[in-house]
Amino acid sequence: MKKIFLLLIITMLTGCGYQSVLTTQRANFSINKINHDNSIISKMIVANLNHFKKNENKIVNYDLDISSEQKKINTLKNTRGDPTNFRLEIKVTVNYFENKELKLKKSYMEKFDYKNTLEKFELSQYENKIKDQIVAKLSERIILDLHEIK
């Protein structure tokens, strides 16, 4: 039953001409230059936005300035004072320029709460996965804003 339902959904989506809004072919803009700070988060976002660089056939060309900060906060401790829960906060600020004129300045914030583990390597791997997911979500929000700038 599940396979039939999944097959039906896939057939309907491909048959109706569904396309993601965030594809480069449907974008009415291009990114000329991206300035960013030296943080890992900013570099990851730039890597996600590189698909939109140097599309000369686009109507609008933007330059972006990206800065980011990441915080790992201890939100809960046990009776011995050892951390049991953490919160990862990532804040990204983007300045959108068109012809050297500031069109939009926007800050994005994402948070994720998670539990501590005894295995530090496993915790580090999990934190990296969380970071990747948050950066992907923030990149999508930046792309959506690029589509909507007037």
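These legends describe close-up views of a predicted model. Local features need pLDDT of at least 70, and side-chain atom pairs count only at pLDDT 80 or more, while totals for chains, interfaces and linings use all residues. Residues are numbered from 1 along each chain as its sequence is written, and side-chain values use heavy atoms, with hydrogens and water left out.

**View 1. Elements of the protein chain.** The chain has three helices and four strands, in the order α-β-α-β-β-β-α from the N terminus. Helices (H or I, at least four residues) and strands (E, at least two) are DSSP runs, numbered from the N terminus. Of the 150 residues, 31% are buried (under 20% relative accessible area, 1.4 Å probe, protein chains only).

**View 2. The buried face of helix α2.** Helix α2 spans residues 40–49, and its buried residues are Ile-41, Ser-42, Ile-45, Val-46 and Leu-49. Seen down the axis of α2, these residues fall within an arc of 135°, so they line one face of the helix; the arc is that of the directions from the helix axis to the C-beta atoms. The buried residues of α2 pack against β1 (29–36), β2 (60–77), β3 (83–98) and α3 (120–148).

View 3. Glu-110 lies in strand β4 (residues 101–115) and is buried, with a relative accessible area of 13%. Beyond its neighbours within four places in sequence, Glu-110 is in contact (heavy atoms within 4.5 Å) with Leu-88, Glu-89, Ile-90, Ile-134, Lys-137, Leu-138 and Arg-141.

Conventions. Buried means under 20% relative accessible area, exposed over 50%, partly exposed in between (1.4 Å probe, protein chains only).
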